[in-house]
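Colleague: I would like a close look at one part of this model, with its backbone and its surroundings described in plain terms.

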Amino acid sequence: MSCEITSKDRAGIINPMFDCQPAGAQYAGIGVKDSIPLVHGGQGCSMFVRLLFAQHFKENFDIASTSLHEESAVFGGNKRMEEGVQVLVNRYPELRVIPIITTCSTEVIGDDVEGTINVLNRWLKENHPDRKVHLVPVHTPSFKGSHVSGYDECVKAMVKTMSKTKAKPNGKLNVFPGWVNPGDVALLKSYLKDMGVDATVFMDTEDFDSPMLPDKTNHTHGRTTVEDFQGAPNAVGSIALARYEGASAAEYLRDEFEVPAIVSPTPYGIKNTDDMLEAISRLTGKEIPDSLVRERGIALDALQDLAHMFFADKKVALFGHPDLVIGLAQFCREVQLKPVLLLLGDDNNKYKKDPRILELKNSVEHDMEIVCNADLWDLERRIRDKEVELDLIMGHSKGRYIAIDNNIPMVRVGFPTFDRAGLYRKPTIGYKGAMELGEAIANALFAHMEYNKNKEWILNTW
Amino acid sequence: MPMVLLKCDKDIPEREKHIYLKAPDEDTRDYLPLSNAATIPGTLSERGCAFCGAKLVIGGVLKDTIQMIHGPLGCAYDTWHTKRYPTDNGHFNMKYVWSTDMKESHIVFGGEKRLEKSMHEAFDAMPDVKRMIVYTTCPTALIGDDIKAVAKKVMDARPDVDVFTVECPGFSGVSQSKGHHVLNIGWINEKVGTLEPEITSPYTMNFIGDFNIQGDTQLLQTYWDRLGIQVIAHFTGNGTYDDLRKMHRAQLNVVNCARSSGYIANELKKQYGIPRLDIDSWGFNYMAEGIRKICAFFGIEEKGEALIAEEYALWKPKLDWYKERLKGTRMAIWTGGPRLWHWTKSVEDDLGVEVVAMSSKFGHEEDFEKVIARGREGTYYIDDGNELEFFEIIDLVKPDVIFTGPRVGELVKKQHIPYVNGHAYHNGPYMGFEGFVNLARDMYNAVNNPLLKLAAKDIRGANRIAYKEAAE
């Protein structure tokens, strides 16, 4: 029994697990109210990403491009950035935040984002003296990291730009949930409310799931405001739920403004949720209420029906964001599933030192491989070559054909999950999320048993 | 009523030259929108990039070819799981994408070795696949990697493979359009004529500019099979790399997408004397006209008439059922360009639908000549439309249905306007006789949808007030 940590042994990628840094920065930027990210580069760098968000959320999000063309690629694109900001500010009177996101092209040609922002701030003062528009420099060369690190970078950049001064304490808790679904944010907010904690979620994406209303108004936008960022230094503390997605912003607030910060285990599964609630309790002095003891118990009750009957010894492969994959591996072990293959899809060399991975490595009692810098061919090839035999895959929809072609049940988690309906609404974190995930796994296995006539008659009296 | 300056464009007044409202008695030559010009930054234009035009739209359709994207991983991720071009070999083209995963060190020291290694790995991973197209992207173009030289080296090392290269960084040109051009011209200059087809019919053609969206090409192929016409190559729907090397042997080039693929048809005429026949393979009556022209060219008119009669018998009653119900429906088309001029008159003739606003992402002047020639008076013709303009246009023309991409469809849903996916379709195929009935069905089901009426109802009745957001 061993846990091996390896890396992709190819130079190239076949079927990438993540998008590039600017895509992640755009995801962070759309979570802010009255914000339109401006992507400084070729037009595909924003159009494709807008499509990606539409795939996952089935909604439109506003993102602009500086439309880098040949001339500016050769002679510099600062003017495109300037014009892009001016056009946005002139045409969108409510606009308050513009994350200016670099791409591979504009990082290679070395455009001066900060210098251009200085020029633009003078322009704003002259032309819109009654408005304050926050221009946020976000450096996200796509030849480093992935959309995970790009998200982290943009959250941090927005905090740095807008959380400027410490004033009197506001009694609030800063919450950095990482790259999660609106359903996760809604659940988290209900937990905080139940605990009596006044909190600000960075970013509050609950309204990404927006209604179709009689008055035809559109409410698809982030709820986190400029004022929320401005208040962040006055908080009682910060809790970051994802080490690779927003933790650096919490650490910045700690280092700069002495806001206490806890980087909690990402709350997938029961124990991680316990730890999160205890951490929140520690930071705020609030007690964990009975309602959550009850919700925890209902989740355990549901999972207990499934674990040793259907889940025990089943082999699972997991891919997606690192905090998600590690958290889900921990959850799997709680319900007796065996995570045998974990794929982490970028070149971050911190994974090998992640305490959660080291804990897994030291404690698993079955063979497990953790592949860093992986692509989805790493999964497909292992299945093809029979290096791994799987009962379940958990991952995002771009891996769907691996499951379909190999007749392996798959539960969609993470981002993007466009080939199933409504998943952005379902929590995967917390007690409720653990229950919903466990039930999604069971139902996927059940449907698979029926289609494959594999003891389908067993589903009667469990 | 010539060109239009929309309210939302008062601070970018140059947009006036791109928007035409067709009015009676105008000489439309005076009002041709400016097109294929630079994009204004920060507008939320709908445009994509040249790499998209080459890989996603044309090259990536092929069913037997590795699509090696030389650049950081994003350009690969972004052009994967986004298209609907099935094949008859298990959709290899939609299942995989390849990237050279450029890193900072390759930006500094060059990426050619990285590309070469990735190419070998890709061929090794899938030993049955022997064809590849390599594309540059923004950064690999900027640092000047010589992908053609690398491809030659790989072909020398692996004599059983063939590789084509395209220089298509996202910043070249102003839209997807440049990518079409570069791929077309590169292909005819380097690959056409390098392989000979087996001729199995006295009648041979290429079908140029059709990308098998939801099986369009495969539906049209049933016509060519019934007519006994051999298609040497489809450019590029359900196509193979090697078929495209044989294009020089066709007697006729039938063109649907004149925008993306007219280039290669023109060059085939110039270099090999193959005539170019432009048709509309969307539109019921257009399809009959196209088949008549093709059959007239080959002298097989009776066969054509027989096929048309069968298709009319099968599908015309259904089409007319929809026409009865869709008559007077107001439609907008916000797509790439050509579907504007393929559809405006065909939905009008065959379905009684009025197209009241059209926007083209990347059309050229000739696309606007075509659409304005065929389109109605009182209709807006927009080049490179942007999001605020779309809202204003909706207020002006009040469409009943919009044919556009899914993201914009989700946006206009909030205004209770249904959409049909004008790019990748809802339930296609949409080409051919049957296809236009499919389009009509989707339009009918979009418009006649109980949810739209339910959404309009305010259950608070007379006490209705503006919707309050949760936190307010």
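Between which two elements of chain B does the loop with B:Asp25 lie?

Modeller: The model is a predicted one, in which local features need pLDDT of at least 70 and side-chain atom pairs count only at pLDDT 80 or more, while totals for chains, interfaces and linings use all residues. Residues are numbered from 1 along each chain as its sequence is written, chains are lettered from A in the order in which they are written, and side-chain values use heavy atoms, with hydrogens and water left out.

B:Asp25 is in the loop of chain B that runs between β1 (19-21) and α1 (50-58); helices (H or I, at least four residues) and strands (E, at least two) are DSSP runs, numbered from the N terminus. The phi angle of B:Asp25 is positive, about 65°, although this residue is not a glycine.

One is the peptide bond from B:Phe235 to B:Thr236, which is cis with omega near 0°. B:Thr236 belongs to strand β7 of chain B, which covers residues 230-236. Another cis peptide bond, with omega about 0°, links B:Gly428 to B:Pro429. In this case the proline, B:Pro429, sits in a loop of chain B, between β14 and α18 (432-447).

Next comes the interface of the two chains. Contact (heavy atoms within 4.5 Å) involves 81 residues of chain A and 80 residues of chain B. The buried area, meaning the accessible area (1.4 Å probe) that two parts lose on being put together, summed over both, is about 6,900 Å² for chain A and chain B, and carbon and sulfur atoms hold 60% of it. On the chain A side, the residues that lose the most area to chain B are A:Phe48, A:Arg91 and A:Met212, which together make up 12% of what that side buries.

Charged pairs also cross this interface. The rule for a salt bridge (a side-chain nitrogen of Lys or Arg within 4 Å of a carboxyl oxygen of Asp or Glu) finds 7 of them between chain A and chain B. One salt bridge is formed by the side chains of B:Lys414 and A:Glu59, at 3.0 Å from N to O. Over all chains the count comes to 70 salt bridges.

Domain 1 of chain A puts 9 residues into their contact, and domain 2 of chain A puts in 6 residues. These two domains of chain A bury about 730 Å², with 67% from carbon and sulfur atoms. Of the area that domain 1 of chain A buries against domain 2 of chain A, 65% comes from A:Phe415, A:Phe418 and A:Tyr424, more than from any other three residues. The number of salt bridges found across this domain interface of chain A is 0.
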